[in-house]
Amino acid sequence: MPHPGRRDDLHALAAPRRLAVDEHMFTAEGLPGTFRLQLFTAPGARTVAVATQVPGEGMGLTNGAERYAGAVWEKHCPDQEVPPVWVERQLWPQGSRQEVRFRRVVFAGADGYRPSGPRWKAITHEELQDLVGAPVATDRGSGYVPRPAEPEPRLVFEEFAVARLGRPDPFREPGCMPAGVRWWRRWARQLLPDRGARACCWYHGGDWHTVSAMALDVLRRSRTQKLEAEDMEEFAVAHAAAAGATDWETEALTTLFSIGDAIQPDSEIGYINGQHRSQALLEAGVRRTVVLRHLHET
């Protein structure tokens, strides 16, 4: 059942809109990705934008929320004082444990055409259609054009010393996670580890020492069975269940073995993925964890 406050918020924004734009390969100069854009408008009502994306289109909708919403705002409704109501739908591959759903992104503010401070709220398909007063497509659209295929890298999960991770720069910098962990602090935490959980955010919501120990155990066991990287997520979930892991521990362990969500350090840019979890691991003083490598064979 929707929370009363959220229902009232959506009710205040609801209006009979029309589908003004259905662009199956939306992009703009400088954007690191593409997505399907459904834009719903009505005189005197705030524009609603629905972005739908599949993996392999560049930066994901969650990581690119500010840039993507800003580009749509600037191109399609530049005269409005606030960004469009932004709703995202990330389509995960069949068999993925990650849930496909609509999520409304509420921004705390904006500077020019760059929204900031995103927060995600669940919204059902029915609530979304009530909000716009029109049907909303749930798929990627027939006009989707996949990127040209590149040689597939070999994916390998491997053990990694946490202290060797690059300095994280959590791009939204929540109050509990300022940018980066200085070298002296990460080494101090190695001597005085922190196993406490906090209520500030998901990343600080449990003991990464326990999760990383499970991850290393999963890695060792998987090698005796010669599992491929694509099979590791399911294997990790089964291991967590057998170990009596908590819901948070299971979810955290799953992210470490998810092909689309694992920590992926990169020597040139620092990280392909996983900056927030890396920061939490460094702050906790975890010594070793599991990362994903993309090995390009020549």
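## A first look

Is Glu74 buried, exposed or partly exposed? Glu74 turns out to be partly exposed, with a relative accessible area of 47%; on this scale, buried is under 20%, exposed is over 50% and partly exposed is in between (1.4 Å probe, protein chains only). Glu74 lies in helix α2, and its C-alpha atom is separated by 9.0 Å from that of Arg114, 40 residues apart along the chain.

Before going on, a word on ground rules: this is a predicted model, where local features need pLDDT of at least 70, side-chain atom pairs count only at pLDDT 80 or more, and totals for chains, interfaces and linings use all residues. Residues are numbered from 1 along each chain as its sequence is written, and side-chain values use heavy atoms, with hydrogens and water left out. Helices (H or I, at least four residues) and strands (E, at least two) are DSSP runs, numbered from the N terminus.

## The six-stranded sheet

Six strands make an open sheet in the order β1-β2-β3-β4-β5-β6, and the pairing is mixed. β1 (18-26) and β6 (114-122) stand at the edges with a single partner strand each, so one side of each has no neighbour in the sheet. From one strand to the next, the twist averages 25 degrees. Strands count as paired if DSSP finds at least two bridges between them.

Now for some of the pairs. β1 and β2 (residues 35-41) run antiparallel and are joined by six bridges, with Arg18 opposite Thr41 in β2. β4 and β5 are also antiparallel, over four bridges; here Val87 stands opposite Arg104 in β5. β5 and β6 pair in the antiparallel sense over eight bridges, and Val106 sits opposite Arg119 in β6. These two strands, β5 and β6, form a hairpin with two residues between them, and Gly112 in the turn has a positive phi of about 65 degrees.

Helix α3 (residues 125-132) has four buried residues: Glu127, Leu128, Leu131 and Val132. Down the axis of α3 they fall within an arc of 125 degrees, so they line one face of the helix; the arc is taken from the directions from the helix axis to the C-beta atoms. An α-helix has 3.6 residues a turn, so residues three or four places apart point the same way. On the face turned away from the buried side, α3 carries exposed Glu126 and Asp130.

α3 lies across β2, β3, β4, β5 and β6, and runs at about 145 degrees to β3. Contact here means heavy atoms within 4.5 Å, while axes are lines fitted to C-alpha atoms (for helices, over the stretch in contact) and angles run from 0 to 180 degrees between N-to-C directions. After α3 comes Gly133, with a positive phi near 70 degrees.

## Gln38, a buried polar residue

Gln38 is in strand β2 and is buried, at a relative accessible area of 1%. Its side chain reaches the backbone nitrogen of Ala137 at 3.0 Å. A polar contact is a pair of N or O atoms within 3.5 Å; within protein, one must be able to donate a hydrogen and the other to accept it, and residues adjacent in sequence count only if both atoms are side-chain atoms. Leaving aside residues up to four places away in sequence, Gln38 touches several others, among them Leu19, Val21, Val48, Val50 and Val136.

## Two nonpolar cores

A nonpolar core is a set of buried Ala, Val, Leu, Ile, Met, Phe, Trp, Tyr and Cys residues joined through side-chain atoms within 4.5 Å. The largest has 34 residues, and Phe157, Trp208, Leu253 and Phe257 touch the most other members. Elements giving two or more residues to this core include β7 (154-161), α6 (232-242) and β10 (288-295); α5 gives the most, with seven residues. A second, separate core of 17 residues includes Leu31, Ala65, Trp86 and Val105.

Not counting residues up to four places away in sequence, Phe257 touches Met232, Glu233 and Ala236, among others. Val237 and Thr254 are 17 residues apart in sequence and 6.3 Å apart in space, C-alpha to C-alpha. Just after α6, Gly244 takes a positive phi of about 70 degrees.
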